[in-house]
Amino acid sequence: KRKAFALKRVDEAVACFSRGEWRTGLAKAQAALELLEGAKGVQPEDTSIVCGGVCLALASCNRIGEALRFFADHAIEIADETIKETLLSSWLTDANSVMPGDVVQFSAPGGSQWVGVVLRPSMA
């Protein structure tokens, strides 16, 4: 019964993900996965889609580090290189974006070095 109940929650989470309701789907998916942890007879293919959805949901909520960690912990279930590439690309973009308060350094003509604090992101 526990497995059947949890798999129904998995289906609900996947439906939320497919509609772009990332936060709602994330809560349902995490609850379902928690229930499935103790269930017997659960195969990686039973949770592959929902685990991939959890990664994408975390990323869409700007929780890239958590998404990468979840992917690493559930790589057997997910086994989708596209999701991994999406997460890594998001992380790289996020890591290389300057934010207000960041200190930046660059070379100026004549060999001098300039250091500044970002006040607002540029609109380049």
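The crossing of α3 and α6 is left-handed, a term for a near helix turned anticlockwise from the far one by less than a right angle (clockwise would be right-handed). The structure is a predicted model, in which local features need pLDDT of at least 70 and side-chain atom pairs count only at pLDDT 80 or more, while totals for chains, interfaces and linings use all residues. Residues are numbered from 1 along each chain as its sequence is written, and side-chain values rest on heavy atoms, with hydrogens and water left out.

Two packed helices are described by the angle between their axes and the distance between the axes. For α3 and helix α6 (residues 81-95), the axes cross at roughly 15° and come within 10 Å. Here axes are lines fitted to C-alpha atoms, for helices over the stretch in contact, and angles run from 0 to 180 degrees between N-to-C directions. From α3, Gly 52, Cys 55, Leu 56 and Ala 59 meet Ile 83, Thr 86 and Leu 87 of α6, where contact means heavy atoms within 4.5 Å. This contact of α3 with α6 comprises 5 nonpolar, 2 polar and no charged residues. In this scheme Ala, Val, Leu, Ile, Met, Phe, Trp, Tyr, Cys and Pro count as nonpolar, Asp, Glu, Lys and Arg as charged, and the others, Gly among them, as polar.

Turning to another helix pair, helix α2 (residues 22-37) packs on helix α3 (residues 44-60) at an angle of about 135°, with 9 Å between their axes. That makes α2 oblique to α3. The crossing of α2 past α3 is left-handed. On the α2 side the contact is made by Trp 22, Leu 26, Ala 29, Leu 33 and Leu 36, and the α3 side includes Thr 47, Val 50, Cys 51 and Gly 53. By class, the residues of the contact of α2 with α3 are 11 nonpolar, 3 polar and no charged.

Thr 47, in helix α3, is buried, with a relative accessible area of 6%. Buried means under 20% relative accessible area, exposed over 50% and partly exposed in between (1.4 Å probe, protein chains only). Not counting residues up to four places away in sequence, Thr 47 touches Leu 33, Leu 36, Val 42 and Glu 77. Ala 32 belongs to helix α2 and is also buried, at a relative accessible area of 0%. Although Ala 32 and Arg 9 are 23 residues apart along the chain, their C-alpha atoms are separated by 5.5 Å. Gly 41, in the loop between α2 and α3, is partly exposed, with a relative accessible area of 47%.

Finally, the chain as a whole. The protein chain has 6 helices and 2 strands, in the order α-α-α-α-α-α-β-β along the sequence. Helices (H or I, at least four residues) and strands (E, at least two) are DSSP runs, numbered from the N terminus. The C-alpha atoms fill a box of roughly 75 × 25 × 20 Å, taken along the principal axes. Buried residues make up 26% of the 124 residues.

Conventions. Parallel < 35°, antiparallel > 145°, perpendicular 65-115°, else oblique.
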